[in-house]
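Here are a few friendly notes to read alongside the model. Please keep the structure open as you go through them.

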Amino acid sequence: MSQKFPDPPKEENETFMYKLAAFIVDKRNLVFLLWIFLLIFSIFASSWVKVENDITAYLPDSTETRRGLTLMDEQFTTYGTASVMVSNITYDKAEELAEQIEDIDGVSEAAFDNTEDHYKNSSAMFSVTFDGEEDDQISIDAMDEIRAMLADYDLSVSSTVGSDSSAQLAKEMQTVTAVAAGIILLVLLFTSKAYAEIPVLVATFGAAALANSGTNFLLGTISFISNSVTIVLQLALAIDYAIILIHRYSEEHEHMESREACITALSKAIPEISSSCLTTVSGLIALAFMKFRIGGDLAMVLIKAIMFSILSVFTLMPGLIMLFSGLIDKTVHKNFVPKISAVGKFAFATKYIIPPVFVAIVCVAFVFSNKCPYCYGTTDLEHSRYSEQQLAEQKIKDTFGSNNLAALIVPSGDYESEGKLIRKLESYSQVESCMGLANIEAMDGYVLTDALTPRQFSELVDLDYEVAKVLYAAYAINEENYGEVVNGLEAYSVPLIDMFMFTYDEVDKGYVTLDDDLMDTLEDLHTTLDKALLQLKSDEYTRILVYLNLPEEGDETFNFLQTIHREAEKYYPDKADEILLVGNSTSDYDLSSSFVTDNLIISILSALFVIIILLFTFKSAGLPVLLIAVIQGSIWMNFSFPYLENTSLFFLSYLIVNSIQMGANIDYAIVISSRYMDLKQEMPIKDAITETLNQAFPTIITSGAILAAAGILIGQLSSDGTISSIGVCLGRGTIMSIVLVMGVLPQILLLGDTIIEKTSFTIKKRERTQVSSGKIAVTGMIHGYVNGRVDAIVNGIIIGDVDAKIESKNFEELDKINEGFRLENSGNAPDNSTPDENEREEARK
């Protein structure tokens, strides 16, 4: 026989929030239908999402790297390349393989010789250049054929051709998500009140995650970082919203029917969850202010994920609760979460010890975190797991070293200045070599940009001198240099590359005829020159490849980049603003430059947004500062580890985790603080802090364990240095936040209780110490002990002994009433000495 529950109070039914909750619960079948449509659409729309794998695409447009990359895409052709290493092979066999590789359709060159750059320690290095760019099918097919041909050898390949890093990352994140889901199920089994709550929570989150991923196409193109970590972070950051609602339902269902309990729980949870999500969203909003646009990309995707999670909890979950309500009632189990009263007693006993120790540790952590060794490239970033390609690249690097290539872009048309610049750069010890049109040898010691007269050209290519003069005359007319034709062509000189290309065009048009041997030479030369021009020269710019023997990043490297700029500006003084330097080192330099500003923006805005929210939440200036101090302390401690371990930290990991840790982990501090502020009004502070920790522990351990597990899994299972670094920092930071919130914040609240009260925004009350016995009228806040019967919690008449500090606005009225009580008790009062009912009512008000 089912228990009969009373109806909810009428006044509660009349509130807007209650009516909204009732509408959602009663129209749950319509809500289910709408969600089904949304989820079906999201399944198809997931394939529409475009993912950007190049992190430099999010650099500000004003940076040199972004400007240079855009210009190179527009002005030059960059053919696909590959470093192919075969280990444990003889030199003769390697020569044969080089010829076989060059014979593959789609391969234009497989450079190999007997120098240490190509053969070392029984390992052969083939520098392969393809006929197409890295994304062209001809290059991908050729790369596949090379791998197939060398499959029986000890092969290592470093190339972006045919490498789908996004697919590899997606596969890894599927593993992360699956393992995280298993851990989350275990956590929910441990912290739930009924087994049937778990499918409700899983369905709620699954719908939110699918809806978010399916609508990412609305943002255009998203980064590989957002595409990879959003689903796991969404689960970790937003699962507690669903937990809040299911726990509310369980509490209300103890004295209400399922429908009324669900409506009441939802009406109470909407404001609570909305307030909770504000702190998380505020931290993410701070990311959007970064100059490095990857922050805005991640912020948009994660904020949208949280909004879908809230929408799912507010609309879909109530219907699921009603659907599973009978099963929830049947699968209620005992509480597996232990009481932690000992922690509360320890907090009270150490309230004068822990806070000073915490302050000292935080000061040290602040110093260490400021010495954190940041890195701005992922080439040398260490992480737990490496993909097959990463292992191959490391093996090549260990055998032949690494190349640090920078592309110097200068205005075209001045071959002489270009040649001088190349020779000047090659004179520096930091430069291993340079390659440009001005130092590529053509024939017999001449470089492509050397200017030759008709006689020199005829002797070089074994061409009849008169034919050569005709060609030069035609070239002069084509270039509108009519004076050269009139004055004689003997001294007229033309850059070799320009004359070669002009001669080929004239032959191709049928204006000039060459013998077969010369024609074959010209054909071969034209193919080589055409590719060289596409890669190194456009109508407006020339590209010079500078190979540095410096590490990818560091002060020495960054300083030498400025040296290259200064040298280039000497030869192009009037066009200094058109000189650009592009490469991994310049990208790292630009990222390091933006990091200083972005770090300041993130730190200030994330803390400022959270403080503003806390000010309105607690109506106290002191409490938000105490909470921020605890979480900021956990952030400094988190980022002290790279310094103590002497390992580099990827700068983006710091920015992202700094924001998420402040925005998400502050919720744990809010749970502790709000419960303590309520409970201390009802019981002594020692009991209040103990009960606070007992009540808050299930919520914090559930949400915190999930977020920490998600971070650790990402850190351990991802082969991408950026993603892995974010996961490691997030997992470690969450654990530290939990420890500080449970082990340090209670002592700080106890010790800072006076600060909290003094900085309250509520109307200041007069205060005095009341020591008396008998019948006492009280209106206000009591801080102390009462022995006797109390007529009201806050306002009313106490009959017993009072030794307490009382805050009140109307001591005059209370003194009149209490004087009447004293006369009444002494027997000296007149017949009408008892305070009249108006005075008593005024005291109660």
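1. A quick reminder before the details: this is a predicted model. With that in mind, let's begin with strand β2, residues 79-87, which is mostly covered. Of its nine residues, seven are buried.

2. Which strands does β2 pair with? One of them is β5, residues 123-133, and the pairing is antiparallel, with eight bridges.

3. Now for a helix pair. The axes of α12 (residues 341-349) and α26 (residues 685-717) come within 8 Å of one another, crossing at roughly 140 degrees. That angle makes α12 oblique to α26, because only angles over 145 degrees count as roughly antiparallel. The crossing of α12 and α26 is right-handed.

4. Which residues make up the contact between these helices? From α12 come S341, V343, G344, K345 and F348, and they meet I685, K686, I689, T690, L693 and N694 of α26. By class, the residues of this contact are five nonpolar, four polar and two charged. For the charged ones, take a look at K345 in α12 and K686 in α26.

Note on methods. Residues numbered from 1 in each chain as written. Predicted model: local features only at pLDDT ≥ 70, side-chain atom pairs only at ≥ 80, totals over all residues. Heavy atoms only, no water. Axes fitted to C-alpha atoms, helices over the stretch in contact; angles between N-to-C directions. Helix = DSSP H or I, 4+ residues; strand = E, 2+ residues; numbered from the N terminus. Parallel < 35°, antiparallel > 145°, perpendicular 65-115°, else oblique. Left-handed = near helix turned anticlockwise from the far one by under 90°. Contact = heavy atoms within 4.5 Å. Buried < 20%, exposed > 50% of the residue type's maximum accessible area, 1.4 Å probe, protein only. Pairing = 2+ DSSP bridges.
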